[in-house]
Amino acid sequence: MLLHFIVQDFMCLGFTFVVLLDKSWISRIRSRELERLRGPPWLKIMQRVLLNCMYTTLDYAQTGLIAAVFFFKMMEWWYQSAEERMSAPTVYPPPPPPPLPKVAKDGLPLPPDRTLCPLCCQKRNNPSVLSVSGFVFCYSCIFKSVSQHRRCPVTLMPATVEQIRRLFHDL
Ligand SMILES: [Zn+2]
């Protein structure tokens, strides 16, 4: 892309150079054309004015074309870099949290105070999470429950004691 841009710039510069070189040649042709005008003086003046107008327009058209090419190239570069900035953000937004686990109809109801263990309804001792559901209990309570029933007491999802993880949030 950059190489393409550089090549195009060089082509533009080359074009400008050729135009500058040819300026004297063009003015020679133009003066010859003006000398070749025939007819009554008023017609010659009219033709001269018309030709001069045409030449001036052509001169400015060349400059305008080069300016337009540079302008469009600049716009392309500007919008492309803006697009790149938009498509590749440096800081990604955090992913949304997973949905809340559903309490099973026949499962253990959660205590109103969410800081208590749902099994013994006391302040959690050695808080431990059951990874299949995400609910937190005392380590001894959940270990006993999962060993006996092989499921989460709240969601009734199948679980093993290997899926109990100790939480160390208070250390
Ligand atoms: Zn407990």
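## Close-up views of a predicted model

**View 1. Pairing of strands β1 and β3 in the predicted model.** Strand β1, which covers residues 127-130, is joined to β3 by three bridges, and these two strands run antiparallel. Within this pairing, Ser128 has Arg166 of β3 as its bridge partner.

**View 2. The open sheet of three strands.** The strands follow the order β2-β1-β3 and pair in antiparallel fashion. The edges are formed by β2 and by β3 (164-166), each of which pairs on one side only. When direction is ignored, neighbouring strands of this sheet are turned against each other by 40° on average. In general, the strands of a sheet pair through backbone hydrogen bonds, in either a parallel or an antiparallel arrangement.

**View 3. Packing of α3 on the sheet.** Helix α3 touches β1, β2 and β3 as it packs on the sheet, and the direction of α3 makes about 100° with that of β2.

**View 4. The largest nonpolar core.** This core has 11 residues, namely Cys117, Leu130, Phe135, Phe137, Cys138, Cys141, Ile142, Val146, Cys152, Val154 and Ala159. Two or more of its residues are given by each of the elements β2 (136-138) and α3 (139-149), and the largest share, three residues, comes from α3.

View 5. Leaving aside residues up to four places away in sequence, Val154 touches Val103, Ala104, Gly107, Leu108, Leu110, Pro118, Ser133 and Phe135.

Conventions. Residues numbered from 1 in each chain as written. Predicted model: local features only at pLDDT ≥ 70, side-chain atom pairs only at ≥ 80, totals over all residues. Core = buried A, V, L, I, M, F, W, Y, C linked by C-beta atoms within 7 Å. Buried ≥ 20, exposed ≤ 12 C-beta atoms within 10 Å, placed from the backbone. Helix = DSSP H or I, 4+ residues; strand = E, 2+ residues; numbered from the N terminus. Contact = placed C-beta atoms within 7 Å. Pairing = 2+ DSSP bridges. Axes fitted to C-alpha atoms, helices over the stretch in contact; angles between N-to-C directions.
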